[in-house]
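Have the sequence and the 3D view open side by side, and take the points in order.

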Amino acid sequence: QILDYIQKIMDNGFAYEAQGSVYFDIKAFSKEHGYRKLSWNAAALESAMAEGEGALASGEGKKSDMDFALWKKSKPGEPSWDSPWGGGRPGWHIECSVMASEMLG
């Protein structure tokens, strides 16, 4: 279900694949929707991203430092599951999004 959910986000134009990882495209999403309406301070947003994603915050091929991982390519020795983008693992909170959508619609 997680892979299908990520693919749907990609199909809607709000995510992209980069070197085996998939990132949420904040700029594309913000063109049509409000993003982080309650946090307008860029410094606070950068701090929150660093705290929330930790090592996931950096990624090769990201369009923007603010984009975040929906699917992260696994490094050697890390847990890994098969996906259309290669071996990897779910990114920050995508599991919560999938469960909430499944249960609440």
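1. How exposed is Gln-7: buried, partly exposed or exposed? Gln-7 is partly exposed, because its relative accessible area is 29%, where buried means under 20%, exposed over 50% and partly exposed in between (1.4 Å probe, protein chains only). Gln-7 sits in helix α1. In sequence Gln-7 is 77 residues from Pro-84, yet the two C-alpha atoms are 9.1 Å apart in space.

2. A word on the ground rules. This is a predicted model, in which local features need pLDDT of at least 70 and side-chain atom pairs count only at pLDDT 80 or more, while totals for chains, interfaces and linings use all residues. Residues are numbered from 1 along each chain as its sequence is written, and side-chain values use heavy atoms, with hydrogens and water left out.

3. Now the overall layout. The protein chain has 4 helices and 4 strands; helices (H or I, at least four residues) and strands (E, at least two) are DSSP runs, numbered from the N terminus. Read from the N terminus, their order is α-β-β-α-α-β-β-α. Of the 105 residues in the protein chain, 34% are buried. The accessible surface of the protein chain comes to about 6,900 Å², and carbon and sulfur atoms hold 55% of that surface; the areas come from the Shrake-Rupley method with a 1.4 Å probe, and for residues only the protein chains shown count as cover.

4. Next, follow the strands, which pair if DSSP finds at least two bridges between them. β1 and β2 run antiparallel, joined by 4 bridges, and form a hairpin with 2 residues between them. β2 and β3 are also antiparallel, with 3 bridges, and another 3 bridges join β3 to the antiparallel strand β4 (residues 88-90). β3 is mostly covered, with 5 of its 6 residues buried.

5. Have a look at the turn of that hairpin. Gln-19, in the loop between β1 and β2, has a positive phi of about 55° although it is not a glycine. For background, most residues other than glycine have a negative phi.

6. The core deserves a slow look. A nonpolar core is a set of buried Ala, Val, Leu, Ile, Met, Phe, Trp, Tyr and Cys residues joined through side-chain atoms within 4.5 Å. The largest one here has 17 residues, of which Ile-6, Ile-9, Val-22, Phe-24 and Leu-70 touch the most other members. At least two residues of this core come from each of α1, β2 (21-24), α2, β3 (68-73) and α4 (94-104).

7. Phe-24 is buried, at 10% relative accessible area. Leaving aside neighbours within four places in sequence, Phe-24 is in contact (heavy atoms within 4.5 Å) with residues including Ile-9, Phe-14, Asp-67 and Leu-70.

8. Which residues do ring pairs link into a cluster? They are Phe-14, Phe-24, Phe-29 and Phe-68. Rings of Phe, Tyr and Trp (its six-membered ring) pair if their centres lie within 6.5 Å; planes under 30 degrees apart count as stacked, over 60 as edge-to-face and the rest as tilted. By this rule there are 5 aromatic pairs. Phe-14 and Phe-29 form an edge-to-face pair, because their ring centres are 5.3 Å apart and their planes meet at 75°. Phe-14 lies in the loop between α1 (2-11) and β1 (15-18) and Phe-29 in helix α2 (residues 26-32), so this pair ties together parts 15 residues apart in sequence. Phe-14 is buried at 11% relative accessible area, and Phe-29 is buried at 18%. The rings of Phe-24 and Phe-29 also have centres 5.3 Å apart, but their planes are at 55°, so that pair is tilted.

9. Finally, visit the loop between β3 and β4, where Ser-74 is found. Ser-74 counts as buried, at 13% relative accessibility. Not counting residues up to four places away in sequence, Ser-74 touches Pro-79, Ser-80, Gly-87, Gly-88 and Arg-89.
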